[in-house]
Amino acid sequence: MTSFDAIVIGGGHNGLVAAATLAKAGRKVLVLEAGSEVGGAARTEEFAPGFRVSSVAHLLNRLHPDVVKTLDLERHGLQFARADFLPSVALSKDGPALMLHGAYGEVLTGTSSSEQSAWKDLRAQLLRYAGMLKPFLSRRPPDLAAMSLLETAGLGQTALALKKLGKEDMRDFLRVLLMNVADLLDEQLEDDRLKGLLAFDATLGSHLGSRSPASLLGLYYRLAGETGGAAGAQVLPQGGMGAVVAAIRSAAEKAGVTIRTSVAVARIIVEKGRAVGVALETGKELRARTIVSAISPATTFLDLVGPREIDTGFVRKMKNIRMKGDAAKLHLALDRPPQFTGADAAAHNGRLVIAPSPDHVERAFNPSKYGEFSPEPVMEITLPSLADPSHAPDGACVLSAVVQYAPYALKEGWAAGKPKFLEAIMAQLEAYAPGIGESVVHAELLTPADIEARYRMPGGHWHHGELQADQMLISRPVSGWSGYDTPLEGLFLAGAGSHPGGGVSGAPGLNAARRIIAMKG
């Protein structure tokens with residue numbers, strides 16, 4: 001039997017990042033992926049003959065610079081220039097679109113000069129405040145019960161950075177930290193299109209509306225990430241998100257990582273309170289000194305470890321992680337490119353958002369609280385084949401959209417609800433791109449239930465758990481166990497359910513690997 005120092009469960013991007021980092025530190029690493037391909041929800045797949053699309057994640061906006069540097073991803077083909085940054089476009093049914101250009105609105109067009117000035121001030125403030133969170137993304141959350149000198153120093157640096165904001169900014173940062181995003185936007189902006197776009201971004205991927213308490217945190221989380229060295233920037237990689245996964249995989253394999261696909265883990269082997277290996281569904285057992293789970297924490301403990309091996313308090317915490325997704329993914333194969341009202345060619349190459357106002361976002365959210373989908377959903381749309389013709393046949397076009405709100409536990413069940421929700425989505429698209437329905441060759445709608453089944457993501461939630469104030473930082477995935485360690489010696493967490501959360505950042509995988517290396521695991 002081949003011996004490995006570490007076995008990584010899950011070949012999503014975080015699992016690959018963790019594996020590559022461990023291998024570069026001299027560990028012999030095996031990655032086990034249950035699916036036929038690595039990459040998880042960041043794969044590029046064919047959904048209709050000749051039409052390819054990024055599966056769930058379709059934009060890159062937070063790949064951590066430490067991941068790029070540590071794995072030398074530029075050498076493996078991952079490079080972005082400022083010219084690649086996508087504009088964000090707030091669509092309107094009956095007028096010109098509003099556009100944020102560059103790295104999240106360095107330039108704003110399509111609105112009044114007074115609104116442009118107000119946005120300039122608000123953007124600078126948001127980036128300053130999000131910058132307070134940025135250092136936490138690349139390190140283990142502090143263990144408040146037993147802080148090391150390094151962790152104490154890190155918190156001290158954060159306190160110093162807060163003080164450096166100045167008295168007025170410091171007070172305002174603390175005032176707005178747990179505000180809802182709609183109230184902050186109403187304080188400083190006038191244009192509903194701009195406010196709707198920002199409210200959408202703050203709540204994307206969360207069970208929150210624009211007036212939900214602490215919804216502003218979602219916008220800070222987004223702006224704490226960066227791409228190509230610029231906060232808030234976003235790109236559509238050539239080849240789709242699968243190209244990002246390919247670069248990470250290349251780095252992992254060059255470092256000596258062994259990757260096996262179509263290999264499902266049935267359980268984690270525990271002996272005397274220590275994880276010592278994995279048992280595959282085939283019955284074969286593999287052993288290693290370190291087991292790294294880059295899948296959902298709840299799946300890891302409730303299914304692979306089992307409640308008998310851990311105390312009841314920890315089991316209860318795992319069962320109580322909120323992770324029911326609210327976002328669906330739509331893929332349309334079109335026989336021609338659509339034309340969105342008020343949007344020029346540059347806008348069509350950007351990120352197109354249907355969220356006309358913060359109130360519309362809130363109204364769209366309301367039904368999901370009661371197990372119903374939104375009759376007028378909000379959505380983020382990309383047309384990846386315009387920039388990368390390999391995604392579609394000549395003259396045709398791919399539309400990729402993340403759509404909210406689509407509750408995982410739909411009251412009527414998704415078998416009955418899915419055709420109705422698709423009809424509501426298409427009606428909304430038709431209102432902003434008249435005639436688009438006539439050009440549809442094939443439509444694929446992935447509800448949270450579909451995402452769960454296809455990509456093994458419990459609840460169909462791409463964060464593997466709600467990214468809200470009580471499930472972030474020192475409480476992610478659960479209080480007392482936020483630092484990638486677990487109650488079982490030799491078992492570590494490295495997926496989106498760990499700090500700092502989901503999105504294609506690689507930070508959980510990198511941070512977990514660094515923790516294992518520091519512990520000589």
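Me: What handedness does the crossing of H1 past H17 have?
Reply: Right-handed. Bear in mind that this is a predicted model.

Me: What are the angle and axis distance for H1 and H17?
Reply: H1 (residues 13–24) packs on H17 (residues 507–518) at about 30 degrees, and the axes are 7 Å apart.

Me: Which residues meet there?
Reply: From H1, Asn 14, Val 17, Ala 18, Thr 21 and Leu 22. From H17, the residues are Ala 507, Pro 508, Gly 509, Leu 510, Ala 513, Ile 516 and Ile 517. By class, the contact of H1 with H17 has nine nonpolar, three polar and no charged residues.

Me: Now H3 and H8. What is the angle between them?
Reply: About 70 degrees, with the axes of H3 (residues 113–137) and H8 (residues 216–224) 8 Å apart. That angle makes H3 roughly perpendicular to H8.

Me: Which side chains are in that contact, and how do they divide by class?
Reply: H3 contributes Leu 126, Leu 127, Tyr 129, Ala 130, Leu 133, Lys 134 and Leu 137. H8 contributes Leu 216, Leu 219, Tyr 220, Tyr 221, Leu 223 and Ala 224. The contact of H3 with H8 has 12 nonpolar residues, no polar ones and one charged.

Me: Different topic. Is Arg 351 buried or exposed?
Reply: Arg 351 is buried, at a relative accessible area of 0%. Arg 351 sits in strand S15 (residues 351–354).

Me: What does its side chain make polar contacts with?
Reply: The Arg 351 side chain has a polar contact of 2.8 Å with the side chain of Asp 201, and another of 2.9 Å with that of Ser 88. Leaving aside neighbours within four places in sequence, Arg 351 is also in contact with residues including Tyr 104, Phe 200, Arg 222 and Glu 380.

Me: Backbone next. Where are the cis peptide bonds you have listed?
Reply: One joins Gln 404 and Tyr 405, with omega about 15 degrees. Another joins Arg 476 and Pro 477, with omega about 0 degrees. Tyr 405 is in the loop between strand S17 (397–404) and helix H15 (414–432), while Pro 477 is in the loop between helix H16 (448–455) and strand S19 (491–493).

Terms used:
Residues are numbered from 1 along each chain as its sequence is written. This is a predicted model: local features need pLDDT of at least 70, side-chain atom pairs count only at pLDDT 80 or more; totals for chains, interfaces and linings use all residues. Side-chain values use heavy atoms; hydrogens and water are left out. Axes are lines fitted to C-alpha atoms, for helices over the stretch in contact, and angles run from 0 to 180 degrees between N-to-C directions. Helices (H or I, at least four residues) and strands (E, at least two) are DSSP runs, numbered from the N terminus. Angles under 35 degrees count as roughly parallel, over 145 as roughly antiparallel, 65 to 115 as roughly perpendicular and the rest as oblique. Contact means heavy atoms within 4.5 Å. Ala, Val, Leu, Ile, Met, Phe, Trp, Tyr, Cys and Pro count as nonpolar, Asp, Glu, Lys and Arg as charged, and the others, Gly among them, as polar. A crossing is left-handed if the near helix is turned anticlockwise from the far one by less than a right angle, and right-handed if clockwise. Buried means under 20% relative accessible area, exposed over 50%, partly exposed in between (1.4 Å probe, protein chains only). A polar contact is a pair of N or O atoms within 3.5 Å; within protein, one must be able to donate a hydrogen and the other to accept it, and residues adjacent in sequence count only if both atoms are side-chain atoms.
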